[in-house]
Amino acid sequence: MLDEVPNRKVPMPTILFAVPALWPEYRDTLPAALAEAGIADATLVTEARPEDVDYIVYAPASPLQDFAPYTRTKAVLNLWAGVERIVGNPTLTQPLTRMVDPGLTEGMVEWVVGHTLRHHLGMDRHILNPGHVWDPTCPPLARERPVTILGMGALGSACADALRALNFPVTGWSRTEKPGQLHGEHGLRKALSTAQILVTLLPKTPETENLLNADRLALLPQGAAILNPGRGALIDDEALLAALDVGHIGYATLDVFRVEPLPQDHPYWSHPKVTVTPHIAADTRAVTSSRVIAENIRRGQAGEPFLHLVDRQRGY
Ligand code: NDP
Ligand code: OXD
């Protein structure tokens with residue numbers, strides 16, 4: 001005779017998708033991912049009474065700002081990698097997760113590798129060559145072009161791997177000590193001093209704001225290029241413009257800004273040594289990120305630890 005299996009069915013959760021503008025992208029992918037994760041019966045809604053909500057799928061564009069009434073909510077699942085616009089919300093007492101999405105990472109690797117190669121190969125010299133100058137100067141090999149990445153998390157380390165695969169010598173710097181990487185102020189100075197190309201992939205926190213100030217920009221080698229797909233606040237804009245004007249910094253390719261969209265009268269738009277890209281370095285992709293959200297809901301239901309939990313004290 002078969003043992004009797006006690007009926008321990010966990011009630012299916014109610015998931016509030018709190019970003020109406022993104023719902024059309026997730027309408028099919030999220031139910032599919034929930035089904036894959038074994039929670040096909042979950043109630044997925046775009047509006048609900050706060051007291052009924054178990055999980056909130058969130059993004060900065062959400063109208064939801066007061067989390068206090070969501071008393072039974074087990075987690076707020078952010079669709080963005082960066083959490084600076086939610087982490088300080090005083091009403092948020094629920095666990096907060098950030099997005100680590102293979103699709104987003106792939107996009108960031110492509111953006112960073114593409115713009116690194118642009119500067120490394122000096123592509124503009126030939127693409128923008130109004131005088132049809134025949135200049136046969138060959139660029140150095142990647143192995144001769146040191147790159148530094150500030151922030152060696154999910155995105156920075158994936159970019160480092162891709163650049164190393166092309167033979168760029170990559171120096172990584174992050175907050176905590178790790179083998180083969182630099183950390184701390186001394187490590188930062190060392191990392192900057194060799195960076196012919198500098199990539200900033202740090203989160204915006206009180207510690208990283210204005211990290212690249214005039215003093216630190218001065219540590220970069222003459223003519224260095226800066227790629228910033230991290231956050232605008234990492235760089236002191238005035239200091240960067242001054243360093244570009246005197247030629248100490250050779251070029252800056254900037255994807256993120258203190259104010260977005262970048263105001264029309266901002267000097268970055270017209271500066272001859274700046275390329276502005278409109279916060280498109282990497283986007284969260286609905287298919288892959290839905291799987292990450294579904295896995296975290298599965299974990300929440302099973303009483304397992306959430307993936308990619310944000311540390312509120314650290315701010316990322
Ligand atoms: P992670 O949290 O995985 O990594 C953050 C990295 O920054 C870690 O290596 C961390 O160090 C380091 N770090 C944090 N604070 C400091 C500090 N005070 N000093 C030194 N290092 C520090 O984040 P992701 O890699 O997923 O994302 C990074 C950022 O990229 C996001 O926060 C967001 O701002 C930006 N982003 C931009 C996008 C775009 O389209 N432009 C798209 C997605 C993200 P440690 O390893 O020691 O913790
Ligand atoms: C993010 C971003 O943080 O798109 O995900 O910037």
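Which residue has a polar side-chain atom 2.6 Å from an oxygen atom of ligand 2? Histidine 279 does. Keep in mind that this is a predicted model, where local features need pLDDT of at least 70, side-chain atom pairs count only at pLDDT 80 or more, and totals for chains, interfaces and linings use all residues. Residues are numbered from 1 along each chain as its sequence is written, chains are lettered from A and ligands numbered from 1 in the order in which they are written, and side-chain values use heavy atoms, with hydrogens and water left out.

**Around ligand 2**
- Trp80, Ala81, Gly82, Leu104, Arg231, His279 and Ala282 sit around ligand 2, each with a heavy atom within 4 Å of it.
- Arginine 231 puts a polar side-chain atom 2.8 Å from an oxygen atom of ligand 2, while alanine 81 has a polar backbone atom 2.8 Å from an oxygen atom of the ligand.
- On its own ligand 2 has 210 Å² of accessible area, and the protein covers 88% of that (Shrake-Rupley method, 1.4 Å probe).

**Two domains**
- Domain 1 takes in 14-101 + 284-302 and domain 2 takes in 102-276; the bounds come from an automatic or database domain assignment.
- Their C-alpha centres are 32 Å apart.
- In contact (heavy atoms within 4.5 Å) are 11 residues of domain 1 and 7 residues of domain 2.

**What links them**
- The rule finds 1 salt bridge across the domain interface (a side-chain nitrogen of Lys or Arg within 4 Å of a carboxyl oxygen of Asp or Glu).
- Arginine 231 and glutamate 84 form a salt bridge through their side chains, at 2.6 Å from N to O.

Terms used
Polar contact = N/O pair within 3.5 Å; in protein donor to acceptor, adjacent residues only side chain to side chain.
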